[in-house]
Amino acid sequence: MQTQFVLDDVVTVLGPDGVADPATDPKLPGETVVRLFKHMLLTRMLDERLVLLQRQGRIGFHIGSLGEEACILGPTAALGDDDWLWPCYREFGALLLRGMPLQTYLDNMYGNANDAVKGRQMPDHYSGRPYKFGSVSSPIGTQMTQAVGFSWAAKMKGDKSVSLVFFGEGATSSSEFHNAMNFAGVYKTPTVFLCRNNGWAISVPAGQQTGSQTFAQKGFAYGVTPVRVDGNDLLAMIKVTRDAIERGRRGEGPTLIEALTHRLSGHSTSDDPKAYRNEAEMAAERAKDPIPRMRAHVVALGLWDDAQEKAWAEQVDADIKRAVETAEKAPAPALHTMFEDVYATQPWHLVEQQAEAERAPRPAGHGGGH
Amino acid sequence: MPQMNMVQAVNDALRLELKRDPRVVLLGEDIGKVGGVFRVTQDLYKEFGADRVIDTPLSEGGIIGAAIGMALYGMRPVPEIQFSDFIFPAFDQIVSELAKFRYRSGGEFPAKMVIRTPVGGGIRGGHYHSQSPEAYFIHTPGLKVVCPSNPYDAKGLLLSALRDPDPVLFFEPKRVYRAARSEVPEGDYTVPLSQAKVVRPGQHVTVLAWGAMLYEAIEAANQAAAQGIDTEVVDLRTLWPVDIDTIVASVKKTGRVVVVHEAPKTCGFGAELIALINEKAFLHLEAPPVRVTGYDTPFPYTLEMDYLPLAGRILPALIETARY
């Protein structure tokens with residue numbers, strides 16, 4: 001028997017004209033399709049606004065998802081209410097889709113007193129336990145092994161929940177990827193590994209991350225079902241993630257999904273892609289933007305028109321403005337919060353250090369404002 | 001009351017907690033069928049099954065990363081790292097993730113577990129089966145660090161650690177595993193975390209020690225007694241958060257202190273202890289505080305007994321400090 005080690009197939013549903021292939025179309029209700037398209041627009045508008053706010057010096061940082069909306073929102077939409085999502089750090093759109101209010105997210109971007117993580121982390125390092133959404137950290141890949149442990153625990157307890165974990169193709173070079181894939185394969189955990197291959201790990205191209213022909217094929221070695229999918233195709237993302245979740249729920253173990261997409265911006269607001277990207281290449285990628293493709297689909301279905309888009313854009317714009325204003329008015333977290341949650345109860349040395357901080361002069365420009 | 005060695009006492013604590021709390025699972029390399037390379041988990045696999053005493057792939061990062069996920073789910077994982085020398089592949093998961101989860105998530109995601117791992121030298125283990133890496137973890141906010149010196153404390157401290165809401169690194173001094181026996185009550189009891197114990201009261205000089213080196217400190221104290229020096233020996237038991245009150249009270253009484261540990265001298269926990277003593281009891285000191293520790297070399301094989309701060313090296317430090 002010839003064993004297949006290279007994966008050539010790329011699952012696609014939507015053609016460039018927005019017409020869905022009936023063979024692979026997940027056949028979502030019209031209202032769901034519209035809701036997701038509207039969320040793609042919201043995510044894009046919010047991304048653009050946050051970059052502006054960073055350029056104006058009003059927030060410190062943003063790491064966005066420009067161009068990757070389909071491969072972030074599609075898998076999230078495929079999750080059931082009891083499933084869990086373990087983020088990398090580009091998935092604020094997923095967090096909002098899972099139910100975090102826009103205001104709560106913006107409070108995180110400002111690190112203010114209302115921030116769910118109490119201003120302890122950089123912007124976009126949110127935590128969303130009420131939405132079954134993990135806590136973001138900056139080290140690469142650590143969430144993968146944790147997602148495997150979490151879904152393994154769920155399996156042991158007979159709970160049918162599946163864990164979806166996001167990471168970029170750069171993270172496949174980390175030891176965490178190996179650890180996570182290996183444990184998932186051995187214990188057949190209900191884990192969906194979602195690799196967004198956007199072509200770049202900051203400035204290093206995907207071809208310099210691996211000698212493999214594809215990232216998905218690494219799954220073969222671990223006993224993890226591999227899938228390649230057009231990551232700019234929201235419906236294809238929903239289809240392959242649904243299939244992977246069902247496999248997990250049926251006890252058939254983990255899936256590695258490689259979503260082929262493009263990062264239509266720098267790595268973050270701290271990055272300048274002009275140093276390593278050329279304009280012609282980026283223009284070609286912009287032509288594959290998932291949003292116009294999905295717009296063509298909803299328009300072709302007769303579910304969307306210019307007037308609706310204009311009204312939605314106005315509403316989102318007003319919502320963002322209001323949330324930004326509220327976040328900017330909120331005070332900084334109180335000094336004592338810095339010393340809380342290190343341990344369940346404060347040990348003597350933190351009691352002493354908190355008292356020391358409270359006696360110390362407050363620095364200008366930090367803590368008191370933004 | 002039964003006599004147990006530390007291997008049996010730790011095994012007994014794990015068995016009790018596996019019985020008492022269905023959330024508890026053990027995972028690690030070779031801990032199942034074979035019962036661990038030191039046999040600390042002997043027979044637990046037979047008693048509780050492969051789902052609660054899990055033989056894992058050979059991957060410390062995978063063990064701790066997966067255990068964090070289990071903890072976030074609400075289980076109480078107890079991972080074993082076969083030797084603390086091999087904990088470093090898991091360092092990122094421990095330091096960047098486990099230690100910070102509660103804090104960084106605003107309290108949404110406490111990640112509680114006890115990482116058990118054999119520590120220390122004197123067993124002819126060379127560089128990679130002998131080290132004492134406690135200072136790396138004491139230096140990391142969010143972790144607790146425990147190191148028992150005897151079977152009674154090992155069981156009682158482990159039961160406390162297993163029920164504590166914070167992540168705990170539980171270092172088991174492997175040189176003591178089968179060397180010391182003591183009376184260990186059957187059934188449930190706890191030794192509270194962050195409480196040191198004065199194991200030998202004295203008037204002239206305080207010696208702070210833990211784990212296997214406690215016995216060397218006691219031996220040195222007994223020898224010093226023959227020269228008229230009355231040494232107070234304090235077993236720290238929990239290294240962090242340390243029982244500062246017991247330390248300060250002892251140093252205020254004696255005015256003199258020697259700290260003993262196996263780990264290298266520079267930035268070892270002894271440095272922190274002496275800094276704390278200087279901050280809190282400086283005017284009570286009658287002599288410069290002294291460290292007797294491992295040297296700042298990799299842990300050696302053939303010359304390991306020269307490297308370790310054994311009684312022979314502690315005794316002159318006690319005499320000099322007492323007579324300063």
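Let's start with A:His62. Is this residue buried or exposed? A:His62 is buried, because 23 other C-beta atoms lie within 10 Å, and the cut-off for buried is 20 or more. Keep in mind that this is a predicted model.

Where does A:His62 sit in the chain? It is in the loop between α1 (30–55) and α2 (69–78) of chain A. So here we have a loop residue that counts as buried.

What is around it? Leave aside the neighbours within four places in sequence.

Second residue: A:Gly134. This one lies in a strand, β3 (residues 133–135) of chain A. A:Gly134 counts as buried because it has 29 C-beta neighbours inside 10 Å. Again leaving aside neighbours within four places, its contacts are A:Leu85, A:Trp86, A:Pro87 and A:Gln143. A:Val165 is 31 residues from A:Gly134 along the chain, with 9.4 Å between the two C-alpha atoms.

Now step back to chain A as a whole. It has 12 helices and 9 strands. Its radius of gyration is 21 Å, close to the 21 Å that the globule rule gives for 370 residues, so chain A is as compact as a globular protein of that length. Along the principal axes, its C-alpha atoms fill a box of roughly 75 × 50 × 40 Å. Of the 370 residues, 50% count as buried. Now take the contacts in chain A with a separation of 6 or more. Residues 24 or more positions apart account for 75% of them.

How is chain A divided? The domain assignment gives domain 1 (30–333) and domain 2 (335–370). Over C-alpha atoms, 33 Å separate the centres of these two domains.

On to chain B. Here we have 12 helices and 14 strands. The radius of gyration is 19 Å, close to the 20 Å that the globule rule gives for 324 residues, so chain B is as compact as a globular protein of that length. The box for its C-alpha atoms, taken along the principal axes, is roughly 60 × 45 × 40 Å. Of the 324 residues of chain B, 60% count as buried. For contacts with a separation of 6 or more, residues 24 or more positions apart account for 80% in chain B.

One strand to look at is β4 (residues 76–80) of chain B. It is mostly covered, with 4 of its 5 residues buried. Strand β2 (residues 24–28) of chain B runs parallel to β4(B), and 5 bridges join the two. Within that pair, B:Val25 stands opposite B:Pro77.

Chain B has two domains as well. Domain 1 covers 3–183 and domain 2 covers 197–323. Their C-alpha centres lie 26 Å apart. The contact between them takes 25 residues from domain 1 and 21 residues from domain 2. Which elements supply two or more residues on the domain 1 side? They are α6 (134–138), β6 (144–146), α7 (151–163) and β7 (168–173) of chain B. By class, that side has 11 nonpolar, 9 polar and 5 charged residues.

Next, the nonpolar core. The largest one has 199 residues. Those with the most contacts inside it are A:Ile257, B:Val207, B:Ala217, B:Val258, B:Ile314 and B:Leu318. Helix α3 (residues 60–73) of chain B gives the most to this core, with 9 residues. Take B:Val207 from that list.

Last, the two chains together. How many residues of chain A are in contact with chain B? The count is 35 residues of chain A, against 34 residues of chain B. On the chain A side, α5 (142–156), α6 (175–187) and α12 (348–359) each supply at least two residues. α5(A) gives the most, with 11 residues. By class, the chain A side has 18 nonpolar, 12 polar and 5 charged residues.

Definitions and conventions. Residues numbered from 1 in each chain as written. Chains lettered and ligands numbered in written order. Predicted model: local features only at pLDDT ≥ 70, side-chain atom pairs only at ≥ 80, totals over all residues. Contact = placed C-beta atoms within 7 Å. Nonpolar A, V, L, I, M, F, W, Y, C, P; charged D, E, K, R; others polar. Domains from an automatic or database assignment. Core = buried A, V, L, I, M, F, W, Y, C linked by C-beta atoms within 7 Å. Buried ≥ 20, exposed ≤ 12 C-beta atoms within 10 Å, placed from the backbone. Rg over C-alpha atoms; globule rule 2.2 N^0.38 Å. Pairing = 2+ DSSP bridges.
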